[in-house]
Amino acid sequence: QSTQIQGILKGMYDTFASDLEKSNADESKKAKTFAALMETKKAEFEALQETLQSHTMDSATKTKDLADSKASLDDTKEQLEADEIFFAETKDTCRARANQWAQRSRLRTEELQGIAQAVKVLSSDEAKKTFESATTTFLQLHQARKASGDGNLQRGIAYDHLTGVAKKTQSLALARIAVALKTGGHFNKIIHMIENMIQLLRDEEQQDITEKKWCEDKMQKNRWDLQDLDRAIKKAETGIERHGSSIKELDEKITELEGTIEASEKTLQEMKDMRTKEYEDFLKAQRDDVKAIELIEQAIVHLTKFYHAQGVSLELAQGTKRADPAPKPELSWAKEGASYGGRQGEHEGVVAILGMIKEDLKNELKNGSVEDGEGATNMASDMGHLQETLQAQTKSKRQVEMEKAELEGKIADLEELKGLKEDDQSAEKDNEGALGTKCKWLETHFDSRRSKREAEVDGLIDAKSYLAGMSE
């Protein structure tokens, strides 16, 4: 029986020693894994703090840029409203001036056609025959100087001079005045007609100068407006491109943060699974220890049962000596005066060993509970830090997404502004075409009109001086 007990105890010892060695190895491995995990998470936490600081600076800078852009947008909208009003007024003015110019050109063309037709009628062969046969006439066909007709002579000389100047300067005004002189107009009346004609030509010169200045100012403003609109469109395109690049960078940051968040969530789940497994191992170890204690107590009971029955007290046996022990069987060696009390010394040693094992198991139960509590506390603390890190990562991701949304809003505003500027640019180009049509005469006729007008004025002044001298 001692050999069997020793075998049982040795098997129990070997099992406990193997379990302890395995548990120590697992604990060492888990401790190393946990230490490495904490180092990784600490590095991630420091990186996230730097990212948070960088994002905070970016947020402040972008907030300032947003305020500046909003102010610029408000100014641009005000300028746009003013430009639209000015453009509408300019279109109305251009339309009115174009109508006036068309009417004036039409009237002048009709006047020239009428004069040319009159000259043709009066210069025809039939008209000449009619004038020759008429008793009186208002047009001089040939010059006849008589000593008794000094007035007609002067009128004829003046007529010849005026027609000569009219041909030289190609002045229809002088031709009309020559006709008026020939038909009997008084010199003072003719001089007054010349003065009115000179004033009319000067007014026409001033009007041409005014229209030229108006055209030059409008065309210059149109060029400046087109340049400003072109710069504004390019600026909007640059802003859209810059914000687009920033959005790409933010997308990369979001992808990176999503990967980091996914890794943190995976680590958190691994820690939860690790803690669950450790707790399950702890419960199993507790159950095994309790069961081992029960088995040892059963073994002690069986070992001490015999000595209780004999009324022998063992140091580690539970209970006390019974008052009425069971009757001892009569043995052959009892008649011979011999007695048998069992191997009390050996049993006491075995029971003592079992008692020590039992106490060790109880201590292991107690210490295991304490260690499990400490492990749960440490794990909760680590998981709390990791949860804070995960929250910071999620917050950073939301902040980056908000920055992306702000940039997308800026791009939408810039695209809207670009569209408005392009519409204004199209309108200004239409205005450029209208101004080019209206003011084209400046390039082709302004200088020639001025030269002809100056020659005509010079001729009128010469005729006026000539008539004034003759009237004296």
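These are my notebook entries on a few things I looked up in this predicted model.

**Entry 1, the pocket.** I started with the largest pocket and got about 1,700 Å³ of space in it. Its lining takes in 38 residues. Nearest the centre I found S23, E27, A285, E364 and E371. Next I checked which helices supply the lining. α1 (2-123), α5 (187-310) and α7 (344-438) each give at least two residues, and α1 gives the most, with 14. I also sorted the lining by residue type: 17 are charged, 13 nonpolar and eight polar.

Then I went to Q393, which sits in helix α7. Is Q393 buried or exposed? Its relative accessible area is 0%, so I put it down as buried, the cut-off being under 20%. I looked up its contacts too, skipping neighbours within four places in sequence, and noted E44, L48, T260, I261 and S264.

**Entry 3, aromatic rings.** I went looking for aromatic pairs and found one in the structure. Y279 and F282 make up that pair, with 6.1 Å centre to centre and 35° between the planes, which I logged as tilted. How far apart are the two along helix α5? They are three residues apart, so about one helical turn separates them. I checked accessibility for both: Y279 comes out partly exposed at 38%, while F282 is buried at 15%.

Last, I looked at W214. R97 lies over the face of W214, and I wrote down 5.7 Å from the ring centre.

Methods: Residues numbered from 1 in each chain as written. Predicted model: local features only at pLDDT ≥ 70, side-chain atom pairs only at ≥ 80, totals over all residues. Heavy atoms only, no water. 1 Å grid on protein atoms, 1.4 Å probe; cavity = no way out; pocket = protein on both sides within 12 Å on 5 of 7 lines; lining within 4 Å. Points joined across faces, edges and corners; volume = space filled by probe spheres on them. Helix = DSSP H or I, 4+ residues; strand = E, 2+ residues; numbered from the N terminus. Nonpolar A, V, L, I, M, F, W, Y, C, P; charged D, E, K, R; others polar. Buried < 20%, exposed > 50% of the residue type's maximum accessible area, 1.4 Å probe, protein only. Contact = heavy atoms within 4.5 Å. Phe/Tyr/Trp six-rings, centres within 6.5 Å; stacked < 30°, edge-to-face > 60°. Lys NZ or Arg CZ within 6 Å of the ring centre and 35° of its normal.
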